[in-house]
Amino acid sequence: VNRIGDIEDLQPDAMVVTLPSYKTAESSEAILKHFYQLEKSTQCKLIVYNTPPSVIRVSIPKDVVLELATHETFVGIKDSWGDVEYLSGIVAENPAVEKFKIIVGSPFLSSWGCMIGASGIVPSTANIDPDGSVQLFTAARAVDAKTAIVMQKRMDTIRKMAQRFGA
């Protein structure tokens, strides 16, 4: 919250916001309060980032995401938590599909997310294989399951290799 003004001075189209790194299991109300505080601190559009479990051990609850989606300031989520049921739920129940975009951050769920209606992907593997990520996205959005599965396996292999080396 303290740095929002500094970032806002750069006039970004949107800012990515997440839970503080010290957060532990809290109620949906407490998590909503955090995001409402961020919302009140800026005129900028906000993208919620549900970080991987290795970063912050608290996933932003689905009910919180769906509530934030109804606010004009919040325009999307990058979900990197890696839970297929969670991702499926926010895609299926998104109350603001035209405004609130769901981006899959988990490389292992990239093709699945796109095939069920997510707006896009931002997997860590795109840094290593950007062309493969584009091919996966294109195939998944076209519901070309055969190609999407081939590309998903390619991304999974890259991610597993990167994890072996600490990335």
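**Helices, pairs and buried faces**

Biologist: What makes the meeting of the Arg154 and Asp129 side chains a salt bridge?

Modeller: In this predicted model, the side chains of Arg154 and Asp129 come together with N and O 2.6 Å apart. The cut-off is 4 Å between a side-chain nitrogen of Lys or Arg and a carboxyl oxygen of Asp or Glu. The value of 2.6 Å is within 4 Å, so the pair counts as a salt bridge.

Biologist: Which parts does the pair of Arg154 and Asp129 tie together?

Modeller: Arg154 sits in helix 7 (residues 145-164). Asp129 is in the loop between strand 5 (120-121) and helix 6 (130-141). The pair therefore links parts that are 25 residues apart in sequence.

Biologist: How do you know whether Asp129 is buried or exposed?

Modeller: Its relative accessibility is 9%. Buried means under 20%, so Asp129 is buried. Arg154 has 35%. That falls between 20% and 50%, so Arg154 is partly exposed.

Biologist: How many salt bridges does the structure hold?

Modeller: There are 3. One of them joins Lys62 and Glu93, at 2.8 Å from N to O. Lys62 belongs to helix 3 and Glu93 to helix 4 (residues 84-93), so this pair ties together parts 31 residues apart in sequence. Lys62 is partly exposed at 31%. Glu93 is partly exposed too, at 41%.

Biologist: Why is the pair of Asp6 and Arg3 called a salt bridge?

Modeller: The closest N and O atoms of Asp6 and Arg3 are 3.1 Å apart. That is within the 4 Å limit, so the name applies. Arg3 has 57% relative accessibility. Exposed means over 50%, so Arg3 is exposed. Asp6, at 43%, is partly exposed.

Biologist: Back to helix 7. What is its reach from first C-alpha to last?

Modeller: Helix 7 has 20 residues and reaches 28 Å. At 1.5 Å a residue, 28 Å is expected.

Biologist: Where do the buried residues of helix 7 fall, seen down its axis?

Modeller: They fall within an arc of 170°, so they line one face of the helix. Among them are Ala148, Met151, Met155 and Ile158. These buried residues pack against helix 5 (110-115) and helix 6. The other side of helix 7 carries the exposed residues Lys146, Val150, Lys153, Lys160 and Arg164. Just after the helix, Gly166 takes a positive phi of about 90°.

Biologist: How do you know that the span of helix 2 agrees with what it should be?

Modeller: Helix 2 (residues 28-40) has 13 residues. At 1.5 Å a residue it should span 18 Å. Its end C-alpha atoms are 18 Å apart, so the two agree.

Biologist: And where do the buried residues of helix 2 fall?

Modeller: They fall within an arc of 155°, so they too line one face. They are Ser28, Ile31, Leu32, His34, Phe35, Leu38 and Glu39. The face turned away carries exposed Glu29, Lys33 and Lys40. The buried residues have several packing partners, including helix 1 (4-8), strand 2 (45-50) and strand 3 (74-79).

Biologist: What makes the rings of Phe35 and Phe74 a pair, and of which kind?

Modeller: Their centres are 6.3 Å apart. The limit is 6.5 Å, so the rings pair. Their planes stand at 85°. Over 60 degrees counts as edge-to-face, so that is the kind of this pair. The count of aromatic pairs is 1. Both Phe35 and Phe74 are buried. Phe35 is in helix 2 and Phe74 in strand 3, so the pair ties together parts 39 residues apart in sequence.

Biologist: What makes strand 3 mostly covered?

Modeller: Of its 6 residues, 5 are buried. Strand 3 also has a partner: 5 bridges join strand 2 to it, and the two run parallel. At least two bridges are needed, so these strands count as paired.

Biologist: How do you know whether Ile60 is buried or exposed?

Modeller: Ile60 has 0% relative accessibility. That is under 20%, so Ile60 counts as buried. Ile60 lies in the loop between strand 2 and helix 3. Leaving aside neighbours within four places in sequence, its contacts include Leu19, Ile31, Phe35 and Tyr86. The C-alpha atoms of Ile60 and Ser28 are 8.0 Å apart, though 32 residues separate the two along the chain.

Conventions:
Residues are numbered from 1 along each chain as its sequence is written. This is a predicted model: local features need pLDDT of at least 70, side-chain atom pairs count only at pLDDT 80 or more; totals for chains, interfaces and linings use all residues. Side-chain values use heavy atoms; hydrogens and water are left out. Helices (H or I, at least four residues) and strands (E, at least two) are DSSP runs, numbered from the N terminus. The expected span of a helix is 1.5 Å times one less than its number of residues. Buried means under 20% relative accessible area, exposed over 50%, partly exposed in between (1.4 Å probe, protein chains only). The arc is that of the directions from the helix axis to the C-beta atoms. Contact means heavy atoms within 4.5 Å. Rings of Phe, Tyr and Trp (its six-membered ring) pair if their centres lie within 6.5 Å; planes under 30 degrees apart count as stacked, over 60 as edge-to-face and the rest as tilted.
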